[in-house]
Amino acid sequence: MDFDTAFASSLATNGAVPEDVDQSPAAQQLARRLETKTATIGVVGLGYVGLPLAVEYADQGFSTIGIDLDEERVGQLNAGDNYLDDLDDARVRCLVQDEVLESTATYADSGDIDVFFICVPTPVTDTNEPDTSYIEGATASIAEHLRPGQLVVLKSTTYPDTTGGVVQPILEEAAQKKGLTLGEDYFLAHSPERIDPGNEEYTTANTPIVAGGVTEACTHLTKKALEQIVSEVHAVSNPKVSEMEKLLENIFRSVNIALVNELAQLCDRIGEVSMWEVVQAASTKPFGFMPFYPGPGLGGHCIPIDPHYLSWLARKHDFETSFITLSARINEGMPFYVAESIIEAIARQPVQLSNASVLVLGVAFKRNVDDTRHSPAGPIIRQLQEKGIDTIRYHDPHVPEYHVNGTEQTTMDVPRAELTPETLEAHDATVIVTDHDAFDSHVIAERANAIVDTRNALEEVTDPALRDKIILLGGGDE
Ligand SMILES: NC(=O)c1ccc[n+]([C@@H]2O[C@H](COP(=O)([O-])OP(=O)(O)OC[C@H]3O[C@@H](n4cnc5c(N)ncnc54)[C@H](O)[C@@H]3O)[C@@H](O)[C@H]2O)c1
């Protein structure tokens, strides 16, 4: 068996990288810098993924440079001000004060950086096609200052062959002019991010991570770099595997959520069978089942977007990804289903639809976070407005301002209300879109006139008189 075959087969069986990878002088030097924590880490894109990553490296004593084109973010960070809910303010301030973490809006000094992590957005276009322009822009800026001994790791979620087909050619063009060879002088890999904002149990340190390099030396160095902050790094044969692996994780969630959302709607038709109770009962099976719960629709930057990356790639291969299409259809239909339930709740009140008022509780896409990107609250509010309901307010302890995108590029401000018993009483219907811990289920159940609960947030409320006011999504209310 030759070396490459042995390497691939070792990865395929146990994700282990052989320690005896034949390393070039540049690779050996970078490995040494990582081991002695003298390498400089560069994190490109200081958002939900990049900033926590930069903080982890800085915490481990690595000199860490954050690069973001958003000058406001850079200014805030250099002043020691954290802007992410999930990060500890004092931790960020200390790292900035100790000068281990600094930020910049230019790539001018990126020649000083040994390891780049690219953490830029991967949105879709209006026609749901991958928009890799942020990745291309960041790579082109890195390429300008490329030098021997640098490792570039793409962390953004994307379709298989972005690292090899988009990032690599940009770096190679610059490398050729400088006489640098990939895998010997500079290195490239993909390692998808698994951060789960709001999750207190699984953090960067205790969540295993996957990495696939363009060559074995690239994989080896990426693994070494990541092992400085993560307990377990699972190496795969090439970046296409790691890119596909991340999409599998997200599509797996999307498909399973769609399944329970479809069955939740069926439960509502059948009556007297709650999907929440069904999932709870099925979860007693200790093998072969994993619980997923109904909800008002998908949100965030990942699960509603990433599957489109794979569908697009599949179409290029004359292949249709039926599961992705079907689950997107079901999940994207959920805000409409919720809006119908809100109209039903209003119909139980002595008020006409056009005079009705609705209070939306939670506009972040999931509990205890401030991220409103693609939140189902948006389409629910838009749908209510289209049905003629003008008075819609929201409350979210994590979101001080909220705007909804209307049709034809318009943006509408949604007024914020304080969450008081009087506010609850003043609205004809209250809908719980996000089950933040800060919401007091008993106060909501007692004071709201009619409630649509899309998260089973009021599970603890058992008083039949109060339950009568609640329409639970998938709760089997006929
Ligand atoms: N948010 C999550 O929970 C999560 C989890 C796993 C994976 N991901 C993936 O990670 C990637 C980043 O997501 P995010 O949520 O951190 O995005 P984000 O929008 O929060 O942050 C991205 C940052 O990149 C900056 N940026 C854009 N172009 C740049 C450039 N050329 N140079 C420097 N900075 C640039 C932006 O100004 C922004 O601050 C995406 O591919 C996403 O799918 C996100």
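In the predicted model, Pro 335, Phe 336, Val 338, Ala 339 and Ile 342 of helix α12 are in contact with Pro 379, Ile 380, Gln 383 and Leu 384 of helix α13. When the residues of this contact of α12 with α13 are sorted by class, eight are nonpolar and one is polar, while no charged residue takes part. The two helices, α12 and α13 (the latter formed by residues 377–386), pack with their axes 9 Å apart and at an angle of about 50°. The crossing in which α12 passes α13 is right-handed.

Helix α12, which comprises residues 322–347, also packs against helix α11, and the axes of this pair come within 10 Å and cross at roughly 140°. On the side of α11 the contact is made by Pro 307, Leu 310 and Ser 311, and on the side of α12 by Ile 324, Thr 325 and Ala 328. Four of the residues in the contact of α11 with α12 are nonpolar and two are polar, and none is charged. The crossing of α11 and α12 is left-handed.

A further partner of α11 (residues 306–316) is helix α9, which runs through residues 239–270, and these two helices pack with their axes 9 Å apart at an angle of about 110°. This angle lies within the range of 65 to 115 degrees, and α9 and α11 are therefore roughly perpendicular to each other. As α9 passes α11, the crossing is left-handed. From α9, the residues Leu 247, Asn 250, Ile 251 and Ser 254 meet Asp 306, Pro 307, Tyr 309 and Leu 310 of α11.

At the level of the whole chain, the protein has 16 helices and 15 strands. The radius of gyration of the protein is 25 Å, which is close to the 23 Å given by the globule rule for 478 residues, so the protein is as compact as a globular protein of that length. The C-alpha trace of the protein spans about 80 × 50 × 40 Å along its principal axes.

Technical notes
Residues numbered from 1 in each chain as written. Predicted model: local features only at pLDDT ≥ 70, side-chain atom pairs only at ≥ 80, totals over all residues. Axes fitted to C-alpha atoms, helices over the stretch in contact; angles between N-to-C directions. Helix = DSSP H or I, 4+ residues; strand = E, 2+ residues; numbered from the N terminus. Parallel < 35°, antiparallel > 145°, perpendicular 65-115°, else oblique. Left-handed = near helix turned anticlockwise from the far one by under 90°. Contact = placed C-beta atoms within 7 Å. Rg over C-alpha atoms; globule rule 2.2 N^0.38 Å. Nonpolar A, V, L, I, M, F, W, Y, C, P; charged D, E, K, R; others polar.
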